[in-house]
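Hi there,

I am passing a structure over to you, and my notes on what turned up follow below it. Please have a look at it first, then read on.

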Amino acid sequence: MLVPFAARHFLGNCMASRFNVLPSGEGNAEFNYTLDDCNFKRLMKGKKLLYKNELTFRPQPRSSPASYVYPIECVYPRPKGWIPPFLNAGSGVAEGRGGLKFHMLLLNERLTAVAETNVIPLGSFMPIWATVAQESHQPLLLLMEECVAATTSELQANSNVYPIITNKGCLLDSEKGNSMFLQRYQSSAITLYLQSFKFGLGEEVYIHCKLLAWDPEVLSESKKACHYVKENERWELLDDPMQSSICDCCSRTCNTRSKRGDEWESNGFRHTSVLGPLIIMDPSQQNTHNASDVSIADQD
């Protein structure tokens, strides 16, 4: 059976809606979708919102290489005052070095507010939102350098931990599970969409993260946010998928030396946040545990 020519054109994960053959013999492919469809990547840069994707032509089955891949970028002015409703957090503030204030919170499943319970069904997702209050400081990019789960609120040399983010910003749990970074609403905040795990099942679990406020214009192997996209079988850079080669080192050891120089490093725009306690429960046993109906924020 012949596959229609239009079906061989893809915008992200969407097939062409219509294809017309022009008198010249050329073709005109139309894609009628919203920017929330087709796996568009939404980025924020200054006063602009950027939507990025790739147009792919595959004359052969998906197992064969594409004939060409063309980058697509749509740029719109950022609406004045546009931020997600939960951005004005009222709890869980911890002041880090350099006069910056860091937050780390557990959100509800709709990503609209702080979670009201700390009991998480096994296999469901835990949206962990972190931000740094920039105040009068120059624009900053918030990164998660390292995150581990532990059954204690303080880490010791012999603590048993479950690695989540390692290698200076590589979301290890996205390669072996379904965790991911969600698209940013602003550079100074990041959301880790973490799938709950069996580590510490039924016990109190704490998420320990090393946060870094960094120059948004300077990304490198040591300053990045990368997650593994299974459908593409590759590591992808959250803040600019076109520079995903930075993430190739996630399969080995990333270079920890910064090219930015000593000035930013010495300012110490780093902070360690601890989120918890969280209780991950097997759904068949969840009724046996008393839930804590509280807002879950980082612990001082």
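Let me begin with one cysteine: Cys74 has a relative accessible area of 22%, so it is partly exposed (buried means under 20% relative accessible area, exposed over 50%, partly exposed in between, with a 1.4 Å probe and protein chains only).

A word on the basis: this is a predicted model, where local features need pLDDT of at least 70, side-chain atom pairs count only at pLDDT 80 or more, and totals for chains, interfaces and linings use all residues. Residues are numbered from 1 along each chain as its sequence is written, and side-chain values use heavy atoms, with hydrogens and water left out.

The overall picture

The chain has 300 residues, 43% of them buried. Its secondary structure consists of 2 helices and 20 strands (DSSP runs numbered from the N terminus: helices are H or I with at least four residues, strands are E with at least two).

Disulfides

The whole structure holds 5 disulfides (pairs of cysteine sulfur atoms within 2.5 Å). Counting bonded cysteines along the chain, the pattern is 1-2, 3-5, 4-9, 6-7, 8-10.

One of them joins Cys147 and Cys209, with 2.0 Å between the sulfur atoms. It links distant parts of the chain, as Cys147 lies in strand E12 (residues 141-150) and Cys209 in strand E17 (residues 204-214), 62 residues apart. The torsion about this S-S bond of Cys147 and Cys209 is about 115°, so the disulfide is right-handed. Cys147 is buried at 0% relative accessibility, and Cys209 is buried at 1%.

Another disulfide connects Cys226 to Cys247, S to S 2.1 Å. Here Cys226 is in strand E18 (residues 226-229) and Cys247 in the loop between E19 and H2, 21 residues apart. This link of Cys226 and Cys247 is left-handed, with -75° about the S-S bond, and both cysteines are buried.

Aromatic rings

There are 5 aromatic pairs in the whole structure (ring centres of Phe, Tyr and Trp, the last by its six-membered ring, within 6.5 Å; planes under 30 degrees apart are stacked, over 60 edge-to-face, the rest tilted). Phe125 and Tyr193 have ring centres 4.4 Å apart and planes at 0°, so this pair is stacked. Phe125 belongs to strand E11 (residues 125-133) and Tyr193 to strand E16 (residues 189-195), so the pair ties together parts 68 residues apart in sequence. Elsewhere, Tyr162, Phe197 and Phe199 make up one aromatic cluster.

Enjoy exploring it!

Best wishes
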